[in-house]
Amino acid sequence: MARSVLQSGLRIVTEEVPSVRSATFGIWVNVGSRDETLATAGASHFLEHLLFKGTKTRSALEISAAIEAVGGEMNAFTSKEYTCFYARVIDKDIDLAIDVISDLITSSVVEEADVKAEKNVVLEEIAMRDDDPSDLVHDVFLENYYGDTPLGRSILGTIDSIKGMSQETIYSYYKKKYLPQDIVVSVAGNIRHREIIEKVDRALSRDGFNSGSNRYRLREAKPVTIKGKGKVSIVKRTTEQAHILYGVGGISRSDERRFALSVLASALGGGMSSRLFQEIREKRGLAYSTYSYVQQFAGSGSLAFYVGSKPQKGVEVIKIIGEILNDVMEKGLTNEEISRAKGAVTGTLVLSQEDTGSRMTRIGKSELVYGEVMGFDQILDAINKVSSEDISKLAREILRPKPTLAIVGPFNSATKFENAIR
């Protein structure tokens, strides 16, 4: 892995993989829904859409056609804390990928007609999320857990915020937030670092974008107040299943215990051999889908467990999750569970490195959020060094407080669910 910082503050990280014939180019911008006000809720995601609508030199069709004409793929995504644009191509076409993606960042026009048209697309995306209870429940949980704060609000924004966003507002957001000192370029594949630096510097210098002398910026990790501990939120829907998210405290992304948390989460709900899957699906047949996942932000985080079950089984499922977590707090995980979870975490990580897109994501995200890229072997070593005592201490800390529940299903009242977690 190689790293360079340009005078503008823009960072470039690359991983040379000469054994492949592909390359993935990504631009990571240190802006997400966490940076929005109530009035601009959804602006980061809305802008992600709009940057594909046209630049000073390319139309929307020309942007997509350029990459598709060489058999490549191009996309983008927005999170709470960053936005990423990327393209995966054959190695010989990396210059094209750099030019097209960089053009979006430096020279998008964000015209009034496109803003009006794309509003409808985003509103359809919100409607699609609302029609999918297994998707909606995750947003309901964060809203309940963090309250009406930037971390609690949906990345998509609201119907009112999207409808009310003007071209002037979104264009101003683009110009204020997309700055070289807040950007990381990451490239993985059959490439050469020195050549990439020259090509990226040239491509991102359009319209004076990559100019000035700046120090790159990292997001400040201020502690976050959790407003929803122990709260239950119900969204009534006429569904065949109750979609349940059972959330407990987590740790911030910079916490050194994040490796222990990954092992704990895997043992609890990371696969078919996990406690949740075995107890809820295999032994009792109460659900088809159940899993756990970790969310980590600057200054905060959570550990959540999802279950989709028959509505009349919802209370039973919640009690089972509580019993599983209490047992882990009191007795810890077995050596077999820890070994299996470590193998799952490290194995997934190693297998992901077979793909240049995953490599690009790992180095780009790490550089953006940490200001450095931890060596691959260092990560594996940190996971393998997690002890049973590390896991037990962490479990007792984060699993003990009352959980936050988000439930989407045919329920009029939260009372029975509140009683289930007392």
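Q: Where does Ile-383 sit, and what makes that stretch a helix?
A: Ile-383 is in helix 14 (residues 376-384). Helices here are DSSP runs (H or I, at least four residues; strands are E, at least two), numbered from the N terminus. By the way, this is a predicted model, so local features need pLDDT of at least 70 and side-chain atom pairs count only at pLDDT 80 or more, while totals for chains, interfaces and linings use all residues. Residues are numbered from 1 along each chain as its sequence is written, and side-chain values use heavy atoms, with hydrogens and water left out.

Q: How do you know whether Ile-383 is buried or exposed?
A: Its relative accessibility is 3%. Buried means under 20% relative accessible area, exposed means over 50%, and partly exposed is in between (1.4 Å probe, protein chains only). So Ile-383 counts as buried.

Q: Which residues does Ile-383 touch, leaving out those up to four places away in sequence?
A: They are Phe-259, Val-263, Lys-342, Val-345 and Thr-346, where contact means heavy atoms within 4.5 Å. Ile-383 and Phe-259 are 124 residues apart in sequence, yet 5.5 Å apart in space, C-alpha to C-alpha.

Q: Why does Arg-359 count as buried?
A: Arg-359 has 19% relative accessibility, so it counts as buried. Arg-359 belongs to helix 13 (residues 356-370). Aside from neighbours within four places in sequence, Arg-359 contacts Glu-15, Val-17, Ala-188 and Gln-353.

Q: Why is the pair of Tyr-291 and Tyr-293 called tilted?
A: Rings of Phe, Tyr and Trp (its six-membered ring) pair if their centres lie within 6.5 Å; planes under 30 degrees apart count as stacked, over 60 as edge-to-face and the rest as tilted. The centres of Tyr-291 and Tyr-293 are 6.3 Å apart with the planes at 40°, so tilted is the word. Tyr-291, at 29% relative accessible area, is partly exposed, and Tyr-293, at 21%, is partly exposed too.

Q: What makes the pair of Phe-411 and Phe-417 edge-to-face?
A: Here the planes are 80° apart and the centres 4.9 Å apart. Phe-411 and Phe-417 are both buried. The structure holds 14 aromatic pairs, and ring pairs also link Phe-52, Phe-85, Tyr-171, Tyr-174 and Tyr-178 into a cluster.

Q: How do you know that the charged end of Arg-215 sits over the ring of Tyr-216?
A: The rule asks for NZ of Lys or CZ of Arg within 6 Å of the ring centre and within 35 degrees of the ring normal. The charged end of Arg-215 is 5.2 Å from the centre of the Tyr-216 ring, and it sits over that ring.

Q: Why are helix 4 and helix 5 called roughly perpendicular?
A: Helix 4 (residues 112-131) and helix 5 (residues 133-146) pack at about 100°, with axes 5 Å apart. Angles of 65 to 115 degrees count as roughly perpendicular, under 35 as roughly parallel, over 145 as roughly antiparallel and the rest as oblique. Helix 4 and helix 5 are therefore roughly perpendicular.

Key: Axes fitted to C-alpha atoms, helices over the stretch in contact; angles between N-to-C directions.
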